[in-house]
Amino acid sequence: MKVTKAAVVGAGTMGGEIAYCIATAGIPVVLKDVDQKFIDTGIAKATSLLDRQLEKGRIDEAAKQQVLGLIEGALDYSGFADVDFVIEAVPERMSIKQAVFAELDAATPGHAILATNTSALSIDEIGSATTRPDRVVGFHFFYPASYSKLVEVIEGET
C-alpha cells in the first residue's frame, strides 16, 4: 500500500519528530493534539530540525518551507478521512491509547493502518479498542526519531 497522507496523534517532542520524518519523505501529515500549544511545540520541533539542516547547508530555505508546508496542525480528526497511515504518540497509558484508537477507528478510512509508538504496551490490547485489530501495529521510533534510522515494527496476534 502506498501512503499518500499520514497523521500523527500527539504533538509533543516525539510527535513533532515523527511528523518531521514523514514530511521530509514528501508525504503530507496531519499533526493532531488536544491543545494548540502542543501542536505549536510539535511544529517548532520540526522547524528547529529543519533549521539545523539549513545551517549545515543540506537544504535551502525553499526546501525548508516545502517540508513545513506538508505539516498541518489539527485539534480534531476532521483531516483524517483520507489518511493511509496514523502513528499515535500519546502518553504511555493504556486507557489513553485505547481511547485514541477508538477515535481513530471512527475517523479514518477502513484501509488505514493504525500504529502506536509504544515500546512496552500490548498491541493486541490497544487494537481491541478498534473494529480492525488486524490493521493495528506497533511502530516504535527510537529517540531521536529524526536521526535514528531504526524503527521497531511490532505485530499483534491478528
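In what order do the seven strands of the open sheet run? The order is 3-2-1-4-5-6-7, with mixed pairing; strands here are DSSP runs of E of at least two residues, helices are runs of H or I of at least four residues, and both are numbered from the N terminus. Two strands count as paired if DSSP finds at least two bridges between them. The model is a predicted one, in which local features need pLDDT of at least 70 and side-chain atom pairs count only at pLDDT 80 or more, while totals for chains, interfaces and linings use all residues. Residues are numbered from 1 along each chain as its sequence is written, and side-chain values use heavy atoms, with hydrogens and water left out.

At the edges of the sheet sit strand 3 (71-74) and strand 7 (151-155), each pairing on one side only. From one strand to the next, the twist averages 25°; angles run from 0 to 180 degrees between N-to-C directions, with axes fitted as lines to C-alpha atoms, for helices over the stretch in contact.

Side chains in a regular strand alternate between the two sheet faces. Further along, strand 6 (residues 136-141) and strand 7 run antiparallel, joined by five bridges, and Gly-138 stands opposite Ile-154 in strand 7.

As for the helices, helix 4 (residues 94-107) lies across strands 1, 4, 5 and 6, at about 165° to strand 5. Helix 2 packs on the sheet too, touching strand 2 (29-32) and strand 3, and its direction makes about 165° with that of strand 3; contact means heavy atoms within 4.5 Å.

Helix 2 (residues 36-55) also packs with helix 1 (residues 13-24), the axes being 7 Å apart and the angle about 55°. That makes helix 1 oblique to helix 2, oblique being what is left after roughly parallel (under 35 degrees), roughly antiparallel (over 145) and roughly perpendicular (65 to 115). On the helix 1 side, the contact is made by Thr-13, Gly-16, Glu-17 and Tyr-20, which meet residues of helix 2 including Gly-42, Lys-45 and Leu-49.
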